[in-house]
Amino acid sequence: MMKLLECININKSFGNKKVLKDINLIIPRGKIIGLLGKNGTGKSTLIKLINDLLTPTSGKILVNGKEVGVESKKIISYLPERTYLDKSMTVDQVIEYFEDFYDNFDSKKARKLLRDLDLDTTQKLSKMSKGMQEKVQLVLVMSRKADLYILDEPLGGVDPATRDYILDTILTNFNEGASVIISTHLISDVERILDEVIFIDKGKIILQSDSDELRRKENSSIDEIFRRMFKC
Amino acid sequence: MMFEFDNNIPIYLQLVEQLKIYIISGKINPGERLPSVRDLALQTKVNPNTMQKALVELEELKLVYTERTNGRFVTNDQKLIEKYKKEYADELSKKYFASMESIGFNINESIKYLKSIGGDK
């Protein structure tokens, strides 16, 4: 099977500071992958590189065998850590915006998912709670028929009920054959749905494993293994 | 179907266990068609790949079988279901005796105790 994403010897420095070191990574199709690491270990930088929002200092990133660029942006649906939407827009306006912007955006699906949330789509984003804004963002991102979904801290700062909604929405809506990368430090909340985990620390990948295999080997949860490994 | 999971144990093993209980307890009938992998995964809120792995394991145990175009079914083999039921009952009983032993009951005392609290039913 063709690799969906491949990172080859990626290094990234900001000035003298090495943020990512020799990252080698292969992401196959049809998997949900957890990119797990403490704050400030390079998760978001790696994600921005994959989305071609930053350029690596050295190394190559291939999506479907081709270097990242315009083509890869069409098939990657990205939920950034911080919203880029103009909060003075209404939900209806944002939907139109996404329709204009992305060929693979399914506005019917987005509207259906938003209806399930009992949301008034004539409302401005700025009038909604943080949790609701996060849900709207996620719905938009998951309503694209993408090959790869990259979600950067989708659970940050929301209550447990909203977390459940977000995980359900991810599970229910990713395309068959597509993969999902979820970056998070809230491991216990997501680990149940992960096929594979990648541990990243100080800019290096220190482990990539099937999650059930790891649980079996260590007789404990991914969360526990992570805590033991990265004890401060 | 709603399952509770313990993150310390491989999820697919827990799925195998829970689905086995559904079958041996008759919550899913012999010969009954199972929902699709994706639907089962959604109902139980797990990754479809994990559910697939669990179902393959149940196939190896012969508790479910696949008909090429129709999907997956629970076995019609009552004897086999009984066998797994007995195995599971043995396991539960052993756990009971082990727990009782840890607080100082020997097997006979444990049986007597069970009878004493179950007697009025």
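User: Hello! Before we look at how the two chains touch, what counts as two residues being in contact?

Analyst: Welcome! Two residues are in contact if their C-beta atoms, placed from the backbone, lie within 7 Å. This is a predicted model, and in it the contact between the chains takes 19 residues from chain A. The number taken from chain B is 12 residues.

User: How many residues on chain B's side of that contact are nonpolar?

Analyst: The side of chain B that touches chain A can be sorted by class. One residue there is charged and four are polar. The nonpolar residues number seven.

User: Are helices α3 and α4 of chain A roughly parallel or roughly antiparallel?

Analyst: Helix α3 covers residues 91-101 of chain A and helix α4 covers residues 107-116, and their axes are 10 Å apart. The packing angle is about 155 degrees. Angles over 145 degrees count as roughly antiparallel, so α3(A) and α4(A) are roughly antiparallel.

User: Which residues of α4(A) meet α3(A)?

Analyst: From α3(A), the partners are A:V91, A:I95 and A:E99. The residues of this contact divide into four nonpolar, one polar and two charged. On the α4(A) side, they are A:S107, A:A110, A:R111 and A:L114.

User: Is A:R111 buried, exposed or partly exposed?

Analyst: A:R111 is found in helix α4 of chain A, and its C-alpha atom is separated from that of A:I95 by 8.4 Å. Around A:R111 there are 17 other C-beta atoms within 10 Å. A buried residue would need 20 or more and an exposed one 12 or fewer, so A:R111 is partly exposed.

User: How are α5 and α6 of chain A oriented relative to each other?

Analyst: The axes of α5(A), residues 130-142, and α6(A), residues 160-173, come within 11 Å and cross at roughly 5 degrees. The residues of their contact divide into six nonpolar, four polar and two charged. Angles under 35 degrees count as roughly parallel, so α5(A) and α6(A) are roughly parallel.

How values were computed: Residues are numbered from 1 along each chain as its sequence is written. Chains are lettered from A and ligands numbered from 1 in the order in which they are written. This is a predicted model: local features need pLDDT of at least 70, side-chain atom pairs count only at pLDDT 80 or more; totals for chains, interfaces and linings use all residues. Axes are lines fitted to C-alpha atoms, for helices over the stretch in contact, and angles run from 0 to 180 degrees between N-to-C directions. Helices (H or I, at least four residues) and strands (E, at least two) are DSSP runs, numbered from the N terminus. Angles under 35 degrees count as roughly parallel, over 145 as roughly antiparallel, 65 to 115 as roughly perpendicular and the rest as oblique. Ala, Val, Leu, Ile, Met, Phe, Trp, Tyr, Cys and Pro count as nonpolar, Asp, Glu, Lys and Arg as charged, and the others, Gly among them, as polar.
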